[in-house]
Amino acid sequence: MTIATTADASSGETASNSSFYAAMRILPRAQREAMFQIYTFCRYVDDIADSDRPRSERQAALQQWRDDIDALYQGRAPERLRDYVASVDAFGMRREDFLAVIDGMEMDVLADIRAPEEATLDLYCDRVASAVGRLSVRVFGLPEQDGILLSHHLGRALQLTNILRDLDEDAAIGRLYVPREELLRAGIDCTDPAAVISSPAIPEVCVRLMERARTHFVESDEIMNRNARRAVRAPRIMSKYYHAILDLLEERGFQPPRSPVRVSYAAKIAIVLRYALI
């Protein structure tokens, strides 16, 4: 499953022209470098989770990342994390948040996720999205409590949008992140990804997930509105970009067959110009 900071790459975009890159390049140098370190870390562990290597090899590769993160925080940074030392010291990024991201990736490695229970899905979203947010808000300089709240709501808004956008792509590799309770509520009593996404009741489920994502967007907007505009420029750009994806999904609908959606280049530029120039 693609996590929020790497979602554009799964849609055929490179890092250099992704929404993440556009949002982060507006930051001062030290913040920008720290954010690209977070991005690079997320790309590495996400690529491990989504590779076609045997599960045991992917688990071993993720464990090596855990060991490397531990070494970083013990003052013995391995070569691939040597540049992270200054950023960790400058912004107070926490070891447990890096490890939470790895734990989230491992959830995809241990077994293909298929219609998880609500609590499992929420844990997954917290690990692969909100934990990235908790690392990021320290770099942005948000107050502690609002930073945690923003990470919670915006992380879940972005990840739920990912789930809705990538419904068919995930099913093609045997994964289904739609919560089991919502499927049962719509009368879908199986967890086979191909069968679920072909069900005539799947739009009902997707609409409810979309409403859930919108609620998290509203909550995150309220948090950003009460903080300094310069401190929330980057998360605001990411939020508006993903909100645009959600709007396109709503306009397209969820009845199969579903065509891919993509925010136009002009729309991306408009978002960046509106919120970057503060």
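Reply: What follows takes the labels one at a time; the model is a predicted one.

Me: Why is Ala-115 called buried?
Reply: The cut-off for buried is under 20% relative accessible area. Ala-115 has a value of 0%, so Ala-115 is buried. Its place is the loop between α6 (95-110) and α7.

Me: Which residues have the most contacts inside the largest nonpolar core?
Reply: They are Phe-41 and Leu-183, in a core of 90 residues. Helix α7 (residues 118-140) gives the most to this core, with 11 residues. Beyond its neighbours within four places in sequence, Leu-183 is in contact with Ala-115, Leu-176, Val-178, Ile-188, Cys-190, Val-196, Ile-202 and Val-205.

Me: How do you know that the length of helix α8 agrees with its number of residues?
Reply: The helix covers residues 144-165, which is 22 residues. The expected span is 1.5 Å times one less than the number of residues.

Me: What makes α8 mostly covered?
Reply: Of its 22 residues, 17 are buried. Ser-151 is in this helix. Its relative accessibility is 3%, and the limit is under 20%, so Ser-151 counts as buried.

Me: Which residues does Ser-151 touch, apart from those up to four places away in sequence?
Reply: Ser-151 touches Ser-130, Gly-133, Arg-134, Val-137 and Arg-156.

Me: Why does Val-137 count as buried?
Reply: Its relative accessibility is 9%. Buried means under 20%, so Val-137 counts as buried. The residue lies in helix α7, and its contacts outside four places in sequence are Leu-142, Gly-147, Leu-150 and Ser-151. Val-137 and His-243, 106 residues apart in sequence, are 19 Å apart in space, C-alpha to C-alpha.

Me: Is Arg-236 buried or exposed, and why?
Reply: Arg-236 has a relative accessible area of 12%. Under 20% is buried and over 50% is exposed, so Arg-236 is buried. This arginine lies in helix α13 (residues 233-252). Leaving out its neighbours within four places in sequence, Arg-236 makes contact with Asp-221, Met-224, Asn-225 and Tyr-275.

Me: Why is the peptide bond from Pro-256 to Pro-257 called cis?
Reply: Its omega is near 0°, and the bond is listed as cis. Pro-257 sits in the loop between α13 and α14.

Me: Why is Ile-269 called partly exposed?
Reply: The relative accessible area of Ile-269 is 34%. Partly exposed is the range between the buried limit of 20% and the exposed limit of 50%, so Ile-269 is partly exposed. Ile-269 belongs to helix α14 (residues 265-276).

Me: Which residues make the nonpolar surface patch of about 470 Å²?
Reply: Tyr-265, Ile-269, Leu-273 and Leu-277 make it. Patch residues need over 30% relative accessible area, and Ile-269, at 34%, is above that cut-off.

How values were computed. Residues numbered from 1 in each chain as written. Predicted model: local features only at pLDDT ≥ 70, side-chain atom pairs only at ≥ 80, totals over all residues. Heavy atoms only, no water. Helix = DSSP H or I, 4+ residues; strand = E, 2+ residues; numbered from the N terminus. Buried < 20%, exposed > 50% of the residue type's maximum accessible area, 1.4 Å probe, protein only. Contact = heavy atoms within 4.5 Å. Patch = residues over 30% accessible without salt bridge, like charges linked within 9 Å, V, L, I, M, F, W, Y side chains within 5 Å. Areas by Shrake-Rupley, 256 points an atom, 1.4 Å probe, with all protein chains shown as cover. Salt bridge = Lys/Arg side-chain N within 4 Å of Asp/Glu carboxyl O. Core = buried A, V, L, I, M, F, W, Y, C linked by side-chain atoms within 4.5 Å.
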